[in-house]
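I opened the file to look up a few local features and kept notes as I went. The entries follow in the order in which I took them.

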Amino acid sequence: QVQLVESGGGLVQPGGSLRLSCAASGSIFSINAMGWYRQAPGKQRELLAVITSGGTTNYADSVKGRFTISRDNAKNTVYLQMNSLKPEDTAVYYCNANLLANMRGPARNYWGQGTQVTVSS
């Protein structure tokens, strides 16, 4: 069993910051890429940022320069530092990990339960 547990969401004023965390636990042999997505009401889930096991990152244009993804491989944890938040950033944020539960594979995608981020004055 593999679990991804997110934390750090909440209510923040426009221009503020939040840091999301997502810890993977359970039967994990190795983790490949980890990423953050979000889904606003009535919209499709959107990929925000991805980080490889080697630390290479990619960002959606909508968050580039404001959000920073990082990971701690020793803790199987991925973070999303969100600065200069806007009301349009309001959504449920999900983490994703592509990982091997055992050395025989195959790698699969796992999702966290989601954490609400609300940006409002």
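Entry 1, the disulfide. I took a disulfide to be a pair of cysteine sulfur atoms within 2.5 Å. The model is a predicted one, and I found 1 disulfide in it. Cys-22 and Cys-95 form this link, with their sulfur atoms 1.9 Å apart. I read 45 degrees about the S-S bond, and the link of Cys-22 and Cys-95 is right-handed. Cys-22 lies in strand 3 (residues 18-26) and Cys-95 in strand 9 (residues 91-100), so the link ties together parts that are 73 residues apart in sequence.

Which residues have the most contacts inside the largest nonpolar core? I noted Leu-4, Trp-36, Phe-67, Val-78, Leu-80, Met-82 and Tyr-93, in a core of 30 residues. Among the strands that each supply at least two residues of this core are strand 1 (2-7), strand 4 (30-39), strand 5 (46-51) and strand 11 (115-119). Strand 9 gives the largest share, 5 residues.

Leaving aside neighbours within four places in sequence, Leu-4 is in contact with both Cys-22 and Cys-95. Its other contacts include Ala-23, Ala-24, Tyr-110 and Trp-111.

I found strand 8 mostly covered, with 5 of its 6 residues buried. Strand 3 pairs with strand 8 in the antiparallel sense over 6 bridges, and Arg-19 has Gln-81 of strand 8 as its bridge partner.

Phe-67, Ile-69 and Arg-71 make up the covered face, while Thr-68, Ser-70 and Asp-72 make up the uncovered one.

Entry 4, positive phi. I looked at the hairpin of strand 7 and strand 8, which has 4 residues between the strands. Asn-76 is found in this loop, and its phi is near 50 degrees, a positive value in a residue other than glycine. Asn-76 is partly exposed, with a relative accessible area of 24%.

I noted Ser-84 too, with phi near 50 degrees. Ser-84 lies in the loop between strand 8 and strand 9. I put the relative accessible area of Ser-84 down as 41%, so Ser-84 is partly exposed.

Where does Pro-106 lie? I placed Pro-106 in the loop between strand 9 and strand 10 (108-111). The peptide bond from Gly-105 to Pro-106 is cis, with omega near -5 degrees.

Which ring has the charged end of Arg-45 over it at 3.8 Å from the centre? I found the ring of Tyr-94 there. Arg-45 also lies over the face of Trp-111, at 4.7 Å from the ring centre. Trp-111 had already come up in my notes as a contact of Leu-4.

Terms used: Residues numbered from 1 in each chain as written. Predicted model: local features only at pLDDT ≥ 70, side-chain atom pairs only at ≥ 80, totals over all residues. Heavy atoms only, no water. Core = buried A, V, L, I, M, F, W, Y, C linked by side-chain atoms within 4.5 Å. Buried < 20%, exposed > 50% of the residue type's maximum accessible area, 1.4 Å probe, protein only. Contact = heavy atoms within 4.5 Å. Pairing = 2+ DSSP bridges. Lys NZ or Arg CZ within 6 Å of the ring centre and 35° of its normal.
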